[in-house]
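Please examine the structure shown below. The paragraphs that follow lead through its pockets, its charged pairs and the surroundings of selected residues.

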Amino acid sequence: MTELVFRSLKNESEFPLFDTITALLPTTGVGVRMRTFQDLAASGDYRPEWVWIALDGDDVVARVSFWGPKGVEHPIALDYFDFDTVENGTALLKVAYAALVGPDYHSPMGHPRPEYNLFLPAAWKEEPLARAEANARIEAAEAAGLTFSVERLNLRWEPEYGLPPRPTRLTFTEVTDDELLIGLLERILDGSLDAHDREQLLVKDPTVVAAETLEMIANMPGGRGRWRLAYNQTGELVGMVMPTHNGNSATIGYIGVAIGHRGHGYAYDLLAEAMHIFADEGQPFITDNTDVGNHPMAAIFDRIGYRITGKRMLFT
């Protein structure tokens with residue numbers, strides 16, 4: 001075998017090369033996104049310098065693509081990751097990450113550090129072939145230096161599933177004061193069950209995590225116009241929801257109830273209000289996710305009418 005060549009694509013005309021990989025690709029839904037690579041590339045979600053291949057002669061034997069919604073300067077996620085052998089996949093992943101974010105995988109200040117999103121069918125652990133295909137990618141990712149973070153449920157709502165009644169016990173207002181929002185986010189982060197929030201709080205001050213959360217959602221293509229603060233009947237600020245658009249679909253960017261106001265089912269009301277905002281716009285569907293271990297939020301998504309479309313493992 002000749003020595004492998006690792007490189008990014010030269011230009012958009014090479015996008016078709018990504019699909020010429022000679023490796024046996026998964027047939028069980030492992031690593032498969034709802035939209036094809038070529039469709040997402042045509043939408044501007046992939047750029048040639050974010051797409052990497054390993055060449056054995058003229059044959060593509062491994063491939064990696066980093067994703068970011070149109071308009072962002074740096075990729076925020078790695079999603080496609082396929083290879084003929086774990087060794088070749090590991091080698092390509094190391095080279096691609098080092099080229100994009102540095103040899104220690106830490107991006108410069110202010111740039112996102114792309115996480116590997118391994119898309120999975122909902123019952124992947126019960127299906128031997130799916131489990132084997134997933135485990136090969138897990139092995140390669142960990143050998144390249146990535147660390148498992150969390151497993152999440154992928155969720156979807158469509159109007160035909162039924163729209164819940166619009167909530168009436170909370171008063172919703174638009175967000176006009178970032179300082180007020182950051183203070184609320186700090187109270188939401190206190191006791192959060194979200195794995196990403198908890199990981200961030202181990203190494204950062206809550207105010208910093210809150211400010212970064214605001215910036216991250218604000219930079220999504222959906223903008224800030226749909227964000228809402230929620231007040232209870234006595235005028236107390238109890239929570240917020242940040243509906244947005246990720247470039248592919250409507251999504252609940254962030255949702256939370258402040259500590260001291262939990263246990264009243266307000267998260268259901270917040271989610272329902274966001275769904276009505278999207279329904280009023282005529283959005284055809286909403287896609288979201290939550291940690292497998294965040295049982296309260298998973299139960300709310302289920303009760304309000306979302307359906308599970310798969311799972312996703314994140315590696316940082």
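A pocket, in the sense used here, is an open set of points on a 1 Å grid over the protein atoms alone, with protein on both sides within 12 Å along at least five of seven lines. The structure is a predicted model. Its second largest pocket holds about 170 Å³ of space. The residues lining the second largest pocket include Leu25, Pro26, Val30, Gly31, Val32, Thr36, Phe37, Gln38 and Tyr80, together with the charged residues Asp19, Arg63 and Asp82. Helix 1 (37–42) and strand 4 (77–83) are the elements that contribute two or more residues to this lining.

Charged residues deserve attention next. In total, 16 salt bridges are counted in the model.

Which residue forms a salt bridge with Glu273? The partner is Arg166, and the closest N and O atoms of the two are 3.1 Å apart. This pair joins distant parts of the chain: Glu273 belongs to helix 7 (residues 266–281), Arg166 belongs to the loop between strand 6 and strand 7, and 107 residues separate them. Glu273 has a relative accessibility of 7% and therefore counts as buried. Arg166, by contrast, is partly exposed, with a relative accessible area of 36%.

Another salt bridge brings together the side chains of Asp178 and Arg224, at 2.4 Å from N to O. Because Asp178 lies in helix 4 (residues 178–189) and Arg224 in the loop between helix 6 (206–218) and strand 8 (228–231), the pair ties together parts that are 46 residues apart in sequence. Asp178 is partly exposed, its relative accessible area being 31%, and Arg224 is also partly exposed, at 33% relative accessibility. A further salt bridge is formed by the side chains of Glu212 and Lys204, with an N to O distance of 2.8 Å. Glu212 counts as partly exposed at 32% relative accessibility, and Lys204 is partly exposed with a relative accessible area of 30%.

Helix 7 also contains Asp269. Is Asp269 buried or exposed? Its relative accessibility is 8%, so Asp269 counts as buried. Apart from neighbours within four places in sequence, Asp269 is in contact with Pro167, Arg169, Leu170 and Phe172. With Arg169 there is a polar contact between the two side chains, at 2.8 Å. Asp269 and Leu170 are 99 residues apart along the chain, yet their C-alpha atoms are separated by 7.6 Å.

The loop between strand 6 (148–157) and strand 7 (171–174) also holds Glu158. At 18% relative accessibility, Glu158 counts as buried, since the cut-off for that class is under 20% relative accessible area. The side chain of Glu158 makes a polar contact of 2.7 Å with the side chain of Arg156. Beyond its neighbours within four places in sequence, Glu158 is in contact with Pro284 and Phe285. Where does Thr168 lie relative to Glu158? Thr168 is ten residues from Glu158 in sequence, and the two C-alpha atoms are 22 Å apart in space.

Gln283 occupies the loop between helix 7 and strand 11 (286–291). Gln283 is buried, with a relative accessible area of 16%. A polar contact of 3.2 Å connects the side chain of Gln283 with that of Glu281.

Ala195, Asp197 and Gln200 of helix 5 are buried. The buried residues of this helix pack against strand 6, helix 4, helix 6, strand 10 (250–257) and strand 11. The N-terminal end of helix 5 is capped by Asp194, which has a side-chain oxygen 3.0 Å from the backbone nitrogen of His196.

One annotation comes from a database record. In an unreviewed entry, UniProt lists residues 186–316 as "domain: N-acetyltransferase". Over residues 186–316 the chain is 40% helix and 27% strand, with the end C-alpha atoms 23 Å apart.

Conventions: Residues are numbered from 1 along each chain as its sequence is written. This is a predicted model: local features need pLDDT of at least 70, side-chain atom pairs count only at pLDDT 80 or more; totals for chains, interfaces and linings use all residues. Side-chain values use heavy atoms; hydrogens and water are left out. Helices (H or I, at least four residues) and strands (E, at least two) are DSSP runs, numbered from the N terminus. Buried means under 20% relative accessible area, exposed over 50%, partly exposed in between (1.4 Å probe, protein chains only). Contact means heavy atoms within 4.5 Å. A polar contact is a pair of N or O atoms within 3.5 Å; within protein, one must be able to donate a hydrogen and the other to accept it, and residues adjacent in sequence count only if both atoms are side-chain atoms. A salt bridge is a side-chain nitrogen of Lys or Arg within 4 Å of a carboxyl oxygen of Asp or Glu. UniProt positions are given in the numbering used here, feature names are shortened, and annotations may be inferred rather than shown by experiment. On a 1 Å grid over the protein atoms alone, a cavity is a set of points where a 1.4 Å probe fits but cannot get out, and a pocket is an open set with protein on both sides within 12 Å along at least five of seven lines; lining residues have an atom within 4 Å of a point. Grid points are joined across faces, edges and corners, and a volume is the space filled by probe spheres set on the points.
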